[in-house]
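Hi,

Here is the model I promised to pass along.

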Amino acid sequence: MIERTFAMIKPDSVVRGLIGEIIQRLERKGLKIVGMKMIQISEGQADRLYEVHKEKPFFKELVSFIRSAPVVVLAIEGESAVSVMRRIIGATDSKEAMPGTVRGDLSCSKSMNAIHASDSPENAKRELSIFFTESEMLRYSRLDESWVC
Ligand SMILES: Nc1nc2c(ncn2[C@@H]2O[C@H](COP(=O)(O)OP(=O)(O)O)[C@@H](O)[C@H]2O)c(=O)[nH]1
Ligand SMILES: [Mg+2]
């Protein structure tokens, strides 16, 4: 099923110059970028994105890290996009993330772990709505679209 998901290239990747490398991996897999912007995320947006972690001891650190430099927010569309993106990004902890995944290849720690991606279709919808209006998610066809299934 064609799904939409939310992803965010985190500040550690932005300041290391890895935006292109990460986007390239998603594009090559056949995922379609339907929305993309580079932003400084507000405290309100960070709170909403990470609301499930509000009670965690690392919450404050997480919000301050995510606001420490710009991020790139992405709306991504594709066959089973939610689970495919989670597999591409890899495990949360850089030490456990498999080689070949974004985090396995590029991330340095459990907190500075390169990229975020929604973990369920429900969260994808909720997270997309924090950063994109419906009209900011664009419609177009990729030439290889019919090959991705
Ligand atoms: N500082 C700190 N940040 C953490 C820790 N665990 C998770 N995080 C951060 O919080 C984000 C959200 O955690 P989680 O939903 O469990 O992982 P994800 O869905 O794989 O990104 C992670 O991607 C990390 O950036 C921790 O123990 N310490
Ligand atoms: Mg998560």
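Let's start with Glu 77: at 17% relative accessibility, Glu 77 counts as buried (buried means under 20% relative accessible area, exposed over 50%, partly exposed in between, with a 1.4 Å probe and protein chains only). Before going further, the housekeeping: this is a predicted model, where local features need pLDDT of at least 70 and side-chain atom pairs count only at pLDDT 80 or more, while totals for chains, interfaces and linings use all residues. Residues are numbered from 1 along each chain as its sequence is written, chains are lettered from A and ligands numbered from 1 in the order in which they are written, and side-chain values use heavy atoms, with hydrogens and water left out.

Back to Glu 77, which sits in strand S3 (helices, H or I with at least four residues, and strands, E with at least two, are DSSP runs numbered from the N terminus). Its side chain makes a polar contact with the side chain of Arg 4, at 3.2 Å. By polar contact I mean a pair of N or O atoms within 3.5 Å; within protein, one must be able to donate a hydrogen and the other to accept it, and residues adjacent in sequence count only if both atoms are side-chain atoms. Setting aside neighbours within four places in sequence, Glu 77 is in contact (heavy atoms within 4.5 Å) with Ile 2, Glu 3, Arg 4, Leu 31, Lys 32 and Val 34.

Now the salt bridges, meaning a side-chain nitrogen of Lys or Arg within 4 Å of a carboxyl oxygen of Asp or Glu. Searching the whole structure gives 12 of them. One pairs Lys 32 with Glu 145, with the closest N and O atoms 2.9 Å apart. Lys 32 lies in strand S2 and Glu 145 in the segment after H7, so this pair ties together parts that are 113 residues apart in sequence. Lys 32 is buried at 8% relative accessibility, whereas Glu 145 is partly exposed at 35%.

Another salt bridge joins the side chains of Glu 51 and Arg 126 (3.5 Å, N to O). Glu 51 is in the loop between H3 and helix H4 (59–66) and Arg 126 is in helix H7, so here the linked parts are 75 residues apart in sequence. Both are partly exposed, Glu 51 at 41% and Arg 126 at 24%.

Then there is Asp 93 with Lys 95, closest N and O atoms 3.0 Å apart. Asp 93 is buried at 12%, and Lys 95 is exposed at 67%. Salt bridges that share partners also join Arg 4, Lys 32, Glu 77, Glu 134 and Glu 145 into one network.

Which charged residue is buried yet has no salt bridge? That would be Asp 12, where the nearest side chain of opposite charge, Arg 16, is 5.0 Å away (Lys and Arg count as positive and Asp and Glu as negative; His and the chain ends are not counted). Asp 12 is in helix H1 (residues 11–15). A polar atom of the Asp 12 side chain does lie 3.5 Å from the backbone nitrogen of Asn 113.

On helix H7 (residues 121–131), the buried residues are Ala 124, Glu 127, Leu 128, Ile 130 and Phe 131. Seen down the axis of H7, they fall within an arc of 150°, so they line one face of the helix (the arc is that of the directions from the helix axis to the C-beta atoms). The face turned away from that side carries the exposed residues Glu 122 and Lys 125. The buried residues of H7 pack against strands S1 (2–9), S2 (32–39), S3 (71–79) and S4, and helices H3 (43–49) and H5 (81–89).

UniProt, in an unreviewed entry, lists His 116 for "active site"; its positions are given in the numbering used here, feature names are shortened, and annotations may be inferred rather than shown by experiment. His 116 is found in strand S4 (residues 115–117) and is buried at 10%. Its contacts beyond four places in sequence include Lys 10, Tyr 50, Arg 103 and Glu 127.

Ala 114 has a positive phi of about 75° although it is not a glycine, and Ala 114 is buried at 1%. Ser 80 also has a positive phi, near 50°, and is found in the loop between S3 and H5.

Cheers
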